[in-house]
Amino acid sequence: AVVDVAIQDYVADVASELTYQNKSQISTEILFVFPLSPHMAIYSFQACSEDAKVQAMLQDESQQLHNTTGSWENLEYVQDQSEYGGEVFACFLGTLSPGREVVVTLRYVQELPREPDGAAHFVLPPTLHPYRKHYGKVFTLYSAKFLHAASNCLTGKLSYSLLLTASLQSSRGVANVQANFALTTLIYTSQDCSTAQVSLTGSPPSQHDLEMRVYFGDPSAVSAVVEKGDPGAPPGSLLGDPMVLVTLAPSIPEAVPGQHQSREFIFLLDSTFLDHAQVPLQSRDQNGDSLLFLLKSLPLGCYFNIYCYGETSVGIYPQSVEYTQDNLNEAMQHIPSTSSSLGDTNLLGTLRSIYNTPHPHGHVRQLFVFMDGLPPDKEAIVAEVCRHRNSHRCFSFCFSGDSAALATALARETGGEATYVPSDNSMTVVVLKCLKQALKPAAERISLSWTMPCGLEVEVLGDTPQFIFQGQHSLLYAQIHGQTQDVTVAKGVMTLQYSLDGQDVTHTIEFPLCPKGDGRLAGHRLAARCLLKRLLPEAASGSGDEPRHRAVEISLTSGIFCPLTSYVGIRTPQRVTWFQGLLALLPPRQSLVPCQIIELRGSHKVSSCYPMSIWVPPGWLTAVCASWLALCQLTHSIASLQQRGPCSKACKTPPPSISSLTYVDSREFLLSTISGPWFTEAVAECQDLVALQNVDGSWALSSGLASALEVDEFEIKGKMPGVVTDSSIWATVLAVTWLHRHDKCYQDLCELLEAKAVTWLCSRAVSQLDKCLEAANTLLGTNVKSSVFRL
């Protein structure tokens, strides 16, 4: 394999050339399968041999040319055969004779994730690095053995070589590159260190994925780089005009835990959450506690609302209200104790009701969506969330694999997180972990303005985000239209403004307008992908033909797939022997081959041949289609295949949906690492204390508190230091000290609650804390340090 990677800040363009040789003694049928990540887009694919060339071309889905191949079933059946789930690009390349080879050329673009330290994180896909664990991602299918590939089980090693080079570029300067494999020394190709090169040295490791982290001169900065357009495209078109790649990664300091925060939290509770997690404040005899811990952990200064979605879509309050003790108590009284009164799930109606409700000015909106089953209108739900992606974040929680794909789509589109909740006893810590993410500080009310030379103007493709949270970044694509006299010396100015902790911040970036780049158009193609995401919901709404026509045009000209287009493999024969033999997939004169993006549903089966995924050969599958019933009567070994229904029209996979809602394996979700007896015991020990805490973080001195602390009420009052001017101060110190008794730590459960309590104490009784802590340690028999109270 030869792989050339070009990385510009957080954008990567990958060009790969893969050579496959058939070293066996029998002909082999080859199915190329390339897994796609959510932020990846293929724009070029072809396969060449001595006999023919197969070129993947995009077409309008309405033309349905791929149906003329008569071989769509050969890609259909693979969905139930794979060991993993997700979206893949698949192309059947035909029969490869012994000693022959086929060369596959694949190109794709990708937005790279940003590490907490600011590095761009690149992972080489397993198809381009097929070490032992991933062997079989490019499937070689032996026609001589229907269900057996013994020749691949005999060898433990895979004959494989890799030549990997990477060119790096950033206006902030390339500072360093780290990888989990051996690299050559970083070579700078410009005096200002804005461009550099590095490559793989030696043999690639055979035990793990290849990962590379690229560090820039300033990990938290704003940058703008101009990418030249395609000289062959007409001026004014998407590919013809220059593109500005904008990286927004503002420096956001850590927030002090327990402080006031301007946030709006909206909780959408379904039947599963209500049945297993809802607990009235007045009752402690149920096992569920997630909602109690969640609501008590909210910060002062925020707004909140609760929707128990069912047949109606009305919240506890008409719109979000301020987080106060009275509002919280009232909300808890109106939450149903069971789901019997909810009726059918109406998540779509609930979301529309929320989006039509104004949110408090200056308060970032975040949704916590709990779901069990999969709503029938899932496509419309994702489209609705996409329309409002820049105005809120979704943290979604699913209790079953059915709703995994929907939960992932909601979080992915809005920059939130999706979590699979495996059991009731892990729900609380999972929910609180996401709440901590939601409480991170953010740059808010973001706006961009441009100053350009006369004759030029800038159009931002897509909407500017309204906020960027700490640790996140945003990529924007802006196109430059028009002409100026001398672009080689001209410069543009971009001004970024946002609010950070109530203070206005301004960044002014000057960038040269002389386009850079090697002509690979990574920014242009990712901009096309961004535009398609905005147009697809409009096309799905049926508001007119213009959004659909525009989306198809962008897809076809940029080479970026969208659900309104489809792939078709065009075969250009060089010799008529490209497909030969009894099991040939296509007639010798057929010019179209099966080629499409499909969804694999995954399989938990473990093959006895570890390095190889054993699949039914597509050529054989096509050959027996016409005589399926006869074959079923002749042999019992084939009868089991009938359950898969590979030739049944009823099982035919529909075209990809408008929202690209794909299957997601629940094993990929964020899982709670705290569960079991200890966690259940910890919840039971502190839930009574949590129920008594006020929303401002304080506790009142009462018989209930004494019972929760397992101390006599008269003893508590008698041990209160004389310097204490308010009994709530003494009660709050006791509660915080109790949470740390005997080195017990409820960090995952009570971290946010404790932070509020300590903030409340520091604002009222700093001079009294030393005496109170000393008395509390004596009363409770603890040895809690003063650092717990920030002393």
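Buried here means under 20% relative accessible area, with exposed over 50% and partly exposed in between (1.4 Å probe, protein chains only). The model is predicted, so local features need pLDDT of at least 70 and side-chain atom pairs count only at pLDDT 80 or more, while totals for chains, interfaces and linings use all residues. Residues are numbered from 1 along each chain as its sequence is written, and side-chain values use heavy atoms, leaving out hydrogens and water.

**Aromatic pairs**

- The whole structure holds 15 aromatic pairs, where rings of Phe, Tyr and Trp (its six-membered ring) pair if their centres lie within 6.5 Å, and planes under 30 degrees apart count as stacked, over 60 as edge-to-face and the rest as tilted.
- One of them is the tilted pair of Phe32 and Phe45, at 5.3 Å centre to centre and 35° between the planes.
- Phe32 lies in strand β3 (residues 28-35) and Phe45 in strand β4 (residues 40-48), so this pair ties together parts 13 residues apart in sequence; strands (E, at least two residues) and helices (H or I, at least four) are DSSP runs, numbered from the N terminus.
- Phe32 and Phe45 are both buried.
- Phe34 and Tyr108 also make a tilted pair, with 5.7 Å centre to centre and 45° between the planes.
- Because Phe34 belongs to strand β3 and Tyr108 to strand β7 (residues 101-111), their pair ties together parts 74 residues apart in sequence.

**Ring cluster**

- Phe265, Phe267, Phe368, Phe370, Phe395 and Phe397 are linked into a cluster by ring pairs.

**Charges over rings**

- Arg393 places its charged end over the ring of Phe469, 3.6 Å from the ring centre; the criterion is NZ of Lys or CZ of Arg within 6 Å of the ring centre and within 35 degrees of the ring normal.
- The charged end of Arg525 sits over the Tyr43 ring, 3.9 Å from its centre.
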